[in-house]
Amino acid sequence: RECGVRPAICVKPKTPPEAVLPYLPLCSLILGMTVEPGFGGQSFMADMIPKVAALHTLLRTHNPACRIQVDGGIDTKTAPGIIRAGASILVAGTAVFRAEQGAAEAIRILHSFSPLLPAR
């Protein structure tokens with residue numbers, strides 16, 4: 001923290017949300033993986049939406065300043081639901097770099113969901 005680094009923790013799909021509890025006071029960010037890490041282009045795992053919502057609930061109680069970032073299968077179809085669950089930062093790779101309309105337009109569309117983001 002003294003060097004300007006903000007600590008974060010990553011949660012894989014099979015890790016229960018409660019596993020982050022001991023670390024929440026230390027974290028500035030939780031990265032919730034909505035695919036198994038390591039392979040681009042995987043399909044979004046919709047069963048991770050309740051998990052992100054559970055993480056959001058834990059954060060409201062234990063560390064409201066901590067944010068949730070979500071990575072894996074994020075595109076224009078999955079972004080609204082995961083934002084409503086509590087994510088405030090989205091990581092989109094394949095949806096941007098393989099977008100038929102081009103990367104700039106894909107990013108513009110994803111940015112159009114910003115009114116759904118939780119207030120900071």
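Which helix gives the most to the lining of the largest cavity? In this predicted model, the answer is helix 1, which contributes three residues to that lining.

Helix 1 runs over residues 49–62. With its 14 residues, helix 1 spans 20 Å from the first C-alpha to the last, close to the 20 Å expected at 1.5 Å a residue. Five of its residues, Lys51, Val52, Leu55, Leu58 and Leu59, are buried. These residues lie on the same side of helix 1, because the arc they cover around the axis is only 115 degrees. The other side of the helix tells the opposite story: there, Pro50, Arg60 and Thr61 are exposed. What do the buried residues of helix 1 pack against? Their partners are strand 1 (8–11), strand 2, strand 3 and helix 2 (79–85).

The cavity comes next. A search of the whole structure turns up one cavity of 30 Å³ or more, and the volume of the largest cavity is about 40 Å³. Its lining is made up of Val11, Gly32, Met33, Thr34, Met48, Lys51, Val52 and Leu55. Among these lining residues are Lys51, Val52 and Leu55, which also belong to the buried residues of helix 1. Besides helix 1, strand 2 (29–33) supplies at least two residues of the lining. Sorted by class, the lining holds five nonpolar residues, two polar ones and one charged one.

Strand 3, one of the elements that the buried residues of helix 1 pack against, covers residues 67–71 and includes Gln69. Is Gln69 buried or exposed? Gln69 counts as buried because its relative accessible area is 18%, and buried means under 20%. Leaving aside residues up to four places away in sequence, Gln69 touches Leu29, Ile30, Leu31, Gly32, Ile89 and Val91.

Cys3 sits in the segment before strand 1. Why does Cys3 count as exposed? The reason is that its relative accessibility is 76%, and exposed means over 50%.

How values were computed
Residues are numbered from 1 along each chain as its sequence is written. This is a predicted model: local features need pLDDT of at least 70, side-chain atom pairs count only at pLDDT 80 or more; totals for chains, interfaces and linings use all residues. Side-chain values use heavy atoms; hydrogens and water are left out. On a 1 Å grid over the protein atoms alone, a cavity is a set of points where a 1.4 Å probe fits but cannot get out, and a pocket is an open set with protein on both sides within 12 Å along at least five of seven lines; lining residues have an atom within 4 Å of a point. Grid points are joined across faces, edges and corners, and a volume is the space filled by probe spheres set on the points. Helices (H or I, at least four residues) and strands (E, at least two) are DSSP runs, numbered from the N terminus. Ala, Val, Leu, Ile, Met, Phe, Trp, Tyr, Cys and Pro count as nonpolar, Asp, Glu, Lys and Arg as charged, and the others, Gly among them, as polar. Buried means under 20% relative accessible area, exposed over 50%, partly exposed in between (1.4 Å probe, protein chains only). Contact means heavy atoms within 4.5 Å. The expected span of a helix is 1.5 Å times one less than its number of residues. The arc is that of the directions from the helix axis to the C-beta atoms.
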